[in-house]
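Hi,

Here is the structure I promised to pass on.

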Amino acid sequence: MTESGDRILVGNQREQVSRFRARVLLFVPLAAILFQVYVPRFFVFLGYLELPLLVTIYFALMRRSQIGGLFVGACIGLAQDSLSTKPLGMFGIVKTLVGYFAASVGLRIDVEHPAIRLMLTFFFYFFHQFLYWVLSRGLLGEQIAFEIQRTLVLGLLNAIVGVAVFHFLDKLREQA
Amino acid sequence: METLLHRHRDKTVLVLVIFAQLVLIAVQVRNDQDVRMIRVWSVTAVTPLARVLETVRGGGVGFFHNYIRVHDAREENRRLEAELDRLKMENLFLKSELSTADRAKALVAFQARTPSKTIAARVIASGAGANSKVVFVDRGSGSGVEKGMPVVTPDGIVGKVIAAYPTASEVMLVTDPDFAAGVISQKNHVAGTLKGQGHANCKVDYVPSEEKIEVGDLFYTSGDDRVFPRGFPVGAVLSVRSASPYKEIIVEPSGLERGLEAVLIMLEGVHQAIPEAPPANAPVYLGPPPPPAPGEQATQPSGPAGTDADRLRQHYQQLGEAQGHKFGEGLPGSKPPDFNLKLPAAGQGAAQPQAGDAETRRHGDTEKGPTPAQDPKTGVSASPRPRVPSPTPAQPSQQ
């Protein structure tokens, strides 16, 4: 295995843990949620963007803390639920799991690489949508279909956007 | 445990957070029946456990209940069996008491009817020995019982006293091999000697082979033995076999047929007449013919009924009435009626015989009576009852 490969797969956790200011941790998720509920009123196609999910993935990956990741996911999800017509906890559960698993992945691989971020974002978007569909059917009894192709396309779109957003959020990290 | 939670702290927190949000969802969501999901989930989660617990509890309780019931049923079965046995014994006892009461009643009736002086006694014991045909009765010399006195029941002779004690007596039964009594058959008055054989039946000995004895014939005491008075039933013939020089006749003693509980000891015997055997072809009572159907003429008998003597007697009565003569009132030497007188309506009058004269009662008893037409109370048909003539000699009139 090459040296860059070792960096990607293992890395040094202590050196790669990103730290953010508190206001960043508060404002960015809030902004993402507001964007999702407000912008699509004017630009409908932007409604397909799952910015709260992207923010969750980013913070979980970068903080490399499973507990931190699941709390970030739970908070963002519950906030998102509070603005939706769905019961509180639907997005909360899904994003809690996404945050947890994203943090778990961030502990093992180098998530600074754009390709890794692209794939992880794509994967977690698909996981997020699928899990939400499962919970909707299982807990709420909603008879909705899971559109795989559409999900894959939107997953790719969100992954691309996510890479850009992640790059922007990297700027908000505290400097070591 | 604490170490385990600390080691998997992240997973523990994940589970708790997920669970908390699930509860949160459950609190908010309602199902189709407007029931909160948390209630549905709680019931769904608890019900199977409760069902399992209830199944286990019900099974256990049912098992113990069934066990107790089976145990109780076994006890009840045992109790019912005991009660059934007790009731059977009671039933037997009551039957025995009823039978004893019937026998006592028959004994009292017989005691009042028979001219002999008797004293009632109860069999209180049987003699020792397997083949013993001896019983003890509760009347002894203190009651006037003496050795040799006959013992009878209304059905027949039982035996004779062979020993009299102050308070009891020993009676040898007719079935004892040492027992003997003079007997005579009812039908042909064939005399013989009754002997016991040691079992249920007796035999009649010393009956010559030429004598006529048939199965079913009854034997009575003949009085020749100076023990049993004449005329007491002994038994019926079961079988007869010709042998030389005497017949072998087996008799079933009638006095022992219905068991032996109460007997009569004959203190003073009185000879009685042996009842006559019923004739084989006795007149049979025939009912009147059915009444004629509506519109059908009642047919009068075309000729006189009865015997020739009846017709002749009736003819003489009509002759006497025609000539003013009353039979039985004329003095000796007076003029008898003209028996050759031609009656003008003799044929018509003879055709109407007195039904009462021709009517035959049971066992040949005859009595005069009005014709049915003459007695409106009876409503009997006018036709006289036919009589089946008996080939046996006429019975003595009891008029």
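In chain B, 58% of the contacts with a separation of 6 or more are between residues 24 or more positions apart; a contact here means that the C-beta atoms of two residues, placed from the backbone, lie within 7 Å. This is a predicted model, in which local features need pLDDT of at least 70 and side-chain atom pairs count only at pLDDT 80 or more, while totals for chains, interfaces and linings use all residues. Residues are numbered from 1 along each chain as its sequence is written, and chains are lettered from A and ligands numbered from 1 in the order in which they are written.

Chain B contains six helices and twelve strands (DSSP runs numbered from the N terminus: H or I of at least four residues for helices, E of at least two for strands). Of its 399 residues, 24% are buried, meaning 20 or more other C-beta atoms within 10 Å of a residue's own, whereas 12 or fewer makes a residue exposed and anything in between partly exposed, with C-beta atoms placed from the backbone.

Where the chains meet, eleven residues of chain B contact 14 residues of chain A.

Two backbone angles may also interest you. A:Arg64 is not a glycine, yet has a positive phi of about 55°; this residue sits in the loop between helix H4 (51–63) and helix H5 (66–82) of chain A. A:Arg64 counts as buried because it has 22 C-beta neighbours inside 10 Å. B:His189, also no glycine, has a positive phi near 55° and lies in the chain B loop between strand S6 (180–185) and strand S7 (191–196). With 12 other C-beta atoms within 10 Å, B:His189 is exposed.

Best wishes
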